[in-house]
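Please look over the sequence and the model below before reading on. The paragraphs that follow go from single residues to the chain as a whole.

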Amino acid sequence: MVLYKLQDFEPNYRDTFEGHDIKGLGVYTQGTDEKIGTVSDVLVDEEGHFRYLVVDLGFWIFGKKVLLPLGRARVDYNADRVYTIGLTREQAEDLPEFSEREALDYDYEERVRGVYRQPTGSTLPLDASAAVEASAPVDTTYQPATTQAATTPTYNRDSYNYEQEPSLFGLNEQDHQTLRLYEERLIASKRRQKTGEVTVGKHVETDTARVAVPIEKERVVIERVTPADAGTAVSGREADFREGEVARVEIYEETPEIRKEAFLREEVRVRKVVDQETVETQETVRREELDVNSGNLPIEER
């Protein structure tokens, strides 16, 4: 069983008590109205049930804090007081000191509960005394070593629960007559979930590109013309007959040369944008209302 400070378990606990704060209330003995200290904190279990009041016994034992089971306390908000039920100074001296540095385990709680289980000269309220007698032990084996042990049940650490000892942790009807009304409220929250995935990649496509390249080709043109002085006699020196004389003309032509170069065409930028919208939803909630049947008796609601 794990215990938590009330502030850590429920930061808005004051709303439950209509603005009242049990911490800081003076602690008095029931019957004698002797102030013994103040409430410095409250411990609750994993389900939020009040289990102990941390009481600073500054008026009895300076500097000592002890645990007071809720069943041994009565809260009077009208007087801003907490009254202890059946707590004696001797018990307060025997109680182990509460320290935040010490682990609140089963063994520590058993030391605390063991002190409150001891009979004292004070008498408990009628219903609380009856609860002690009616509480059923977890282990039906009793320890008859002493007279006191013969009437005190033993408890098992693996199966112990606070309901087994209503005299320590029960809210007796004489001192606690509070009826809580509950209601359900819609608590809106958001859950981020993946709805899909967009993949942006690239691939290579091929196409046939055409380009026109003007080229030049040389060719030989042989022209035969009749000169104006054709038929005129020439001298022997002029008429040089040579066999095998050849005229050579080099012929050139252009051929296209194609090469490829890569150029940057465009950039593609991928980013996300968030669109906001309001989604309304509804659900049926329940609320408890108070039914009062007083007959002909006058009542007053505050």
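In which loop is Lys23 found? Lys23 is found in the loop between α1 (6–9) and β2 (26–29), where helices (H or I, at least four residues) and strands (E, at least two) are DSSP runs numbered from the N terminus. This is a predicted model, in which local features need pLDDT of at least 70 and side-chain atom pairs count only at pLDDT 80 or more, while totals for chains, interfaces and linings use all residues. Residues are numbered from 1 along each chain as its sequence is written, and side-chain values use heavy atoms, with hydrogens and water left out.

Lys23 counts as partly exposed because its relative accessibility is 22%; buried means under 20% relative accessible area, exposed over 50%, and partly exposed in between (1.4 Å probe, protein chains only). Leaving aside residues up to four places away in sequence, Lys23 touches Gln7, Tyr13, Val39, Ser40, Asp41 and Val42, a contact meaning heavy atoms within 4.5 Å. Asp41 itself lies in strand β3 (residues 35–44) and is buried, because its relative accessible area is 11%.

Strand β4 (residues 50–56) and β5 run antiparallel and are joined by five bridges, two strands being paired if DSSP finds at least two bridges between them. Strand β5 (residues 65–69) is mostly covered, with four of its five residues buried.

A salt bridge is a side-chain nitrogen of Lys or Arg within 4 Å of a carboxyl oxygen of Asp or Glu. Lys5 is partly exposed because its relative accessible area is 24%, whereas Glu100 counts as exposed at 58% relative accessibility.

Turning to α3, Glu109 is found in this helix (residues 106–117). Why does Glu109 count as buried? The reason is that its relative accessibility is 1%. A polar contact of 2.8 Å joins the side chains of Glu109 and Tyr162; such a contact is a pair of N or O atoms within 3.5 Å, of which, within protein, one must be able to donate a hydrogen and the other to accept it, and residues adjacent in sequence count only if both atoms are side-chain atoms. Apart from residues up to four places away in sequence, Glu109 touches Met1, Leu3, Tyr52, Leu104 and Tyr162.

Elsewhere, Lys194 forms a salt bridge with Glu197, their closest N and O atoms being 3.6 Å apart. Salt bridges that share partners also join Glu109, Glu110, Arg113, Arg117 and Glu165 into one network. A search of the whole structure finds 18 salt bridges.

For the chain as a whole, there are six helices and seven strands, and 25% of its 302 residues count as buried. Among the contacts with a separation of 6 or more, 62% are accounted for by residues 24 or more positions apart.
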